[in-house]
Amino acid sequence: MTVARLEDARVPACLVEADLPPGGDGLVRADILLEGGRIADLVPPGATGQGDGPAIALDGGIVWSAPVDLHTHLDKGHIWPRRENPDGTFMGALRAVAADREAHWSAEDVAARFEFGLRCAEAHGTRAIRTHIDSQGDQAGISWPVFARLRDAWAGRIALQAVSLEAIDKFQGDAVVAVADTVADHGGILGAVTFPTPGVEALIDRVFALAEERGLSLDFHVDETGDPGSRTLGMIAETAIRRGFDRGIVVGHCCSMATLPDDEAAAILDRVAGAGITVVTLPMCNLYLQDRVPGRTPRWRGVTLVHEMAARGIPVAAASDNCRDPFYGYGDHDAVEVYREVTRIAHLDRPVGDWPALVTRTPARAMGLDWDGVLRPGAPADLVAFRARAWHELLSRPQADRRVLRAGHGIDTTLPDYRELDAVVGGP
């Protein structure tokens with residue numbers, strides 16, 4: 001059904017550009033008028049009467065712009081049934097994924113799991129995803145063509161971007177030149193996993209040089225550890241400033257920032273702000289892996305310094321990261337779950353303020369999408385409507401009854417059955 005209007009909606013104030021009376025708890029009330037698959041106007045509830053055409057009466061329910069997932073691993077997704085993490089640790093995850101990749105990651109295997117993840121994300125309402133792709137050795141030649149094929153097949157449903165995933169210490173050899181060329185050939189983004197290693201500053205500089213030579217933007221996994229000696233985030237910022245890099249930089253994780261003394265963390269964040277870097281926090285995966293010691297209760301949450309970053313004007317997003325693989329044994333490519341968990345973990349309420357932008361406006365801008373997720377006249381009617389009327393309702397339940405609109409048309413939100421993957425990864 002194509003919808004003509006959403007009646008009596010509550011919309012996050014940080015996602016609205018319209019003349020509406022202020023509301024409470026970061027929400028404003030509006031009727032959202034739709035025409036030709038786009039938002040025609042946002043007006044106070046009842047201001048235009050009943051109008052013509054099909055309507056959804058929300059009775060004060062919350063409406064979001066369709067979410068954007070800035071950091072995922074669709075090529076790894078859903079391998080848990082055949083390759084669990086034996087101890088739940090970061091090193092356990094690395095070893096398990098390496099073994100599974102070596103044994104199973106054909107083009108057919110990657111495509112089946114990748115597309116299953118896309119179907120989950122679409123049913124939950126996501127309209128764009130940036131995925132990292134393991135690009136070691138022969139795997140680059142397998143997985144990047146799969147990405148390119150699915151990017152084309154899903155155009156108009158979910159916009160896809162991809163980032164190469166390679167450890168920073170591999171950038172000292174010549175093999176990464178071929179990886180960088182593969183990324184460029186497929187319209188991708190150059191990535192690296194940074195951590196303390198001999199010559200790491202020079203290696204980071206080489207990543208920048210490879211990107212500049214090919215006109216690529218950058219996306220790093222950074223300091224995914226509780227070790228306060230891991231401070232490559234500052235090196236990335238310094239390199240970006242020194243080289244005048246302006247093609248866009250995203251960094252994910254940055255967990256060790258939370259272990260630094262306040263003054264030292266502040267100095268690094270000032271450089272990050274100056275470099276124009278966007279930061280992605282991955283609340284569920286980091287909560288799962290960080291500070292995991294057998295028989296010992298974890299002492300910290302693994303989340304980075306999102307409040308301090310936002311206070312400096314650093315763009316901050318939140319994303320799903322891994323789903324049902326050895327790095328995170330759960331997850332369903334659902335931005336609502338991500339927002340719910342990061343709100344609880346990082347205390348992103350009282351006030352709510354601009355935090356809803358974590359999974360909407362900020363990642364959309366980081367990906368350079370045509371629409372930044374702000375509801376304004378002329379914007380696409382790509383929306384998610386909830387029955388929940390307040391944050392305490394929205395974040396207390398999974399919102400399985402949400403409605404997803406694409407160009408003003410309601411889509412099927414039935415999630416794919418895990419049994420569809422049994423022939424690929426095995427059963428429970």
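A: Strand 2 (residues 27-35) and strand 3 (residues 38-43) run antiparallel and are joined by five bridges. This is a predicted model. Within this pair, Ile 32 has Leu 42 of strand 3 opposite it. The two strands form a hairpin with two residues between them, and Gly 36 there has a positive phi near 60°.

Strand 2 also pairs with strand 1 (residues 5-12): the two run antiparallel, with six bridges between them. Val 11 has Val 28 in strand 2 as its bridge partner.

These strands belong to an open sheet of four strands, in the order 3-2-1-4, with mixed pairing. Strand 3 and strand 4 (55-57) are at the edges; each has a single partner strand, so one side of each has no neighbour in the sheet. From one strand to the next, the twist averages 45°. In a regular strand, side chains alternate between the two faces of the sheet.

The phi of Asp 59 is positive, near 55°, and Asp 59 is a residue other than glycine. With a relative accessible area of 48%, Asp 59 is partly exposed, because exposed residues must be over 50%.

A second residue can be set beside it. Asp 291 also has a positive phi, near 60°, in a residue other than glycine. Asp 291 lies in the loop between helix 8 (283-289) and helix 9 (306-311). Asp 291 is buried at a relative accessible area of 19%, because the limit for buried is under 20%.

The next strand to consider is strand 6 (residues 68-72). Strand 6 is mostly covered, with five of its five residues buried. Three bridges link strand 6 to strand 7 (residues 128-134), and the two run parallel. In this pair, Asp 69 is opposite Ile 129 of strand 7.

There is also an open sheet of five strands, in the order 9-10-11-12-13, and its pairing is parallel. At its edges are strand 9 (190-194) and strand 13 (316-318); each has a single partner strand, so one side of each has no neighbour in the sheet. Neighbouring strands of this sheet are turned by 20° against each other on average, direction ignored. Inside the sheet, strand 10 (residues 218-222) and strand 11 (residues 249-253) run parallel and share five bridges. Leu 218 is opposite Ile 249 in strand 11.

Now the helices. Two packed helices are described by the angle between their axes and the distance between the axes. For helix 6 (residues 232-243) and helix 7 (residues 262-275), the angle is about 35° and the axes are 8 Å apart. The crossing of helix 6 with helix 7 is left-handed. On the helix 6 side, the contact includes Leu 233, Gly 234, Ala 237 and Ile 241, and on the helix 7 side it includes Ile 268, Arg 271, Val 272 and Ala 275. The residues of this contact divide into seven nonpolar, two polar and two charged.

Helix 1 (residues 90-104) holds Leu 94. Leu 94 is partly exposed, at 36% relative accessibility. Leu 94 and Phe 327 are 233 residues apart along the chain, and their C-alpha atoms are separated by 7.8 Å.

Glu 420, in the loop between strand 16 (409-410) and helix 13 (422-425), gives another case. The C-alpha atoms of Glu 420 and Ala 366 are separated by 33 Å, and the two residues are 54 apart along the chain. Leaving out residues up to four places away in sequence, Glu 420 touches Phe 116 and Arg 119. Glu 420 is partly exposed, with a relative accessible area of 42%.

One peptide bond is also of interest. The bond between Arg 350 and Pro 351 is cis, with omega about 5°. Pro 351 is in the loop between helix 10 (335-346) and helix 11 (361-366).

Last, the cysteines. The count of disulfides is zero. The cysteine sulfur closest to that of Cys 285 is in Cys 255, at 8.4 Å, which is too far for a bond, because a disulfide needs the two sulfur atoms within 2.5 Å. Cys 285 is buried, at a relative accessible area of 0%. Cys 14 is buried as well, at 11%.

Key
Residues are numbered from 1 along each chain as its sequence is written. This is a predicted model: local features need pLDDT of at least 70, side-chain atom pairs count only at pLDDT 80 or more; totals for chains, interfaces and linings use all residues. Side-chain values use heavy atoms; hydrogens and water are left out. Buried means under 20% relative accessible area, exposed over 50%, partly exposed in between (1.4 Å probe, protein chains only). Two strands pair if DSSP finds at least two bridges between them. Axes are lines fitted to C-alpha atoms, for helices over the stretch in contact, and angles run from 0 to 180 degrees between N-to-C directions. A crossing is left-handed if the near helix is turned anticlockwise from the far one by less than a right angle, and right-handed if clockwise. Contact means heavy atoms within 4.5 Å. Ala, Val, Leu, Ile, Met, Phe, Trp, Tyr, Cys and Pro count as nonpolar, Asp, Glu, Lys and Arg as charged, and the others, Gly among them, as polar.
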